[in-house]
Amino acid sequence: MQDCIFCKIIKGEIPSTCIYEDEDVFAFRDINPAAPTHVLLVPKRHIDGADTLSDDDPEHAALIVKLIFTAGKLARELGLQDGWRLVTNVGEHGGQTVRHLHIHLLGGAALGDFGAKLEFRK
Ligand code: 5GP
Ligand code: ZN
């Protein structure tokens, strides 16, 4: 999508610290980390958010499974053996500031405070 910041990051038009990429998924460090490890996992295909996922699109379910499996692999690779958290914000009240579906992978410390920071910083 033309004016989508994450589509531009995926295409390399905006720089990012990419830590994983395959044909469907792109993962990069959040520019404003809310935890010691804060990675964003996004589908390369533009999807607005979890609220626009649909049974009518046969690729959607597979993409979500792949995003979550990839998060687990990255968590292992990043040494988050003590635990981690996945968050996806949806829409205005959910605190979604970038309208391209993304999953936050947070870890690297006990997350009580960091989760709150993510929820309340907007
Ligand atoms: P949301 O608030 O929509 O759940 O999450 C959007 C996330 O994208 C925020 O945590 C924000 O810090 C991150 N973000 C916004 N713009 C950029 C950017 O240009 N580069 C990177 N790496 N992260 C960004
Ligand atoms: Zn996009």
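Q: What makes strand 1 and strand 2 count as a pair, and in which sense do they run?
A: In this predicted model, strand 1 and strand 2 are joined by 3 bridges in the antiparallel sense. Pairing needs at least two bridges, so 3 bridges are enough. One of the contacts puts C18 across from F28 in strand 2. The two strands also make a hairpin, with 3 residues between them.

Q: How do you know that strand 2 and strand 3 pair?
A: Again, look at the bridges: 5 of them join strand 2 (residues 25-29) to strand 3 (residues 37-43), and the cut-off is at least two. These strands run antiparallel, and F26 sits opposite V42 in strand 3.

Q: Why is one side of strand 1 and of strand 4 left without a neighbour in the sheet?
A: The open sheet has 5 strands in the order 1-2-3-5-4, paired antiparallel. Strand 1 (18-21) and strand 4 are at the edges with a single partner strand each, so one side of each has no neighbour there.

Q: What makes the arrangement around the zinc ion (ligand 2) tetrahedral?
A: The ion is held by C4 (SG), C7 (SG), H46 (ND1) and H100 (ND1), at 2.0 to 2.3 Å. The 4 donor atoms subtend angles of 102 to 117°.

Q: Are C7 and H100 buried or exposed?
A: Buried means under 20% relative accessible area. C7 comes out at 6%, so C7 counts as buried. H100 is at 0%, so H100 is buried too.

Q: Why is the contact between E21 and K44 called a salt bridge?
A: Their side chains meet at 2.8 Å, N to O, and the rule asks for a Lys or Arg nitrogen within 4 Å of an Asp or Glu carboxyl oxygen. The E21 and K44 pair therefore passes. E21 is in strand 1 and K44 in the loop between strand 3 and helix 2, so the bridge ties together parts 23 residues apart in sequence.

Q: How do you know that K66 and E23 form a salt bridge, and what else is linked to them?
A: Their closest N and O atoms are 3.6 Å apart, so the pair meets the 4 Å limit. K66 and E23 belong to a network of salt bridges with D22 and D24.

Q: What makes E23 exposed but K66 partly exposed?
A: Exposed means over 50%. E23 has a relative accessible area of 62%, so E23 is exposed. K66 has 23%, which falls between the 20% and 50% cut-offs, so K66 is partly exposed.

Methods. Residues numbered from 1 in each chain as written. Chains lettered and ligands numbered in written order. Predicted model: local features only at pLDDT ≥ 70, side-chain atom pairs only at ≥ 80, totals over all residues. Heavy atoms only, no water. Donors = N, O, S within 2.8 Å, 3.2 Å for Na, K, Ca; no water. Tetrahedral: all angles 85-135°; square planar, octahedral: opposite > 155°, others 65-115°. Buried < 20%, exposed > 50% of the residue type's maximum accessible area, 1.4 Å probe, protein only. Helix = DSSP H or I, 4+ residues; strand = E, 2+ residues; numbered from the N terminus.
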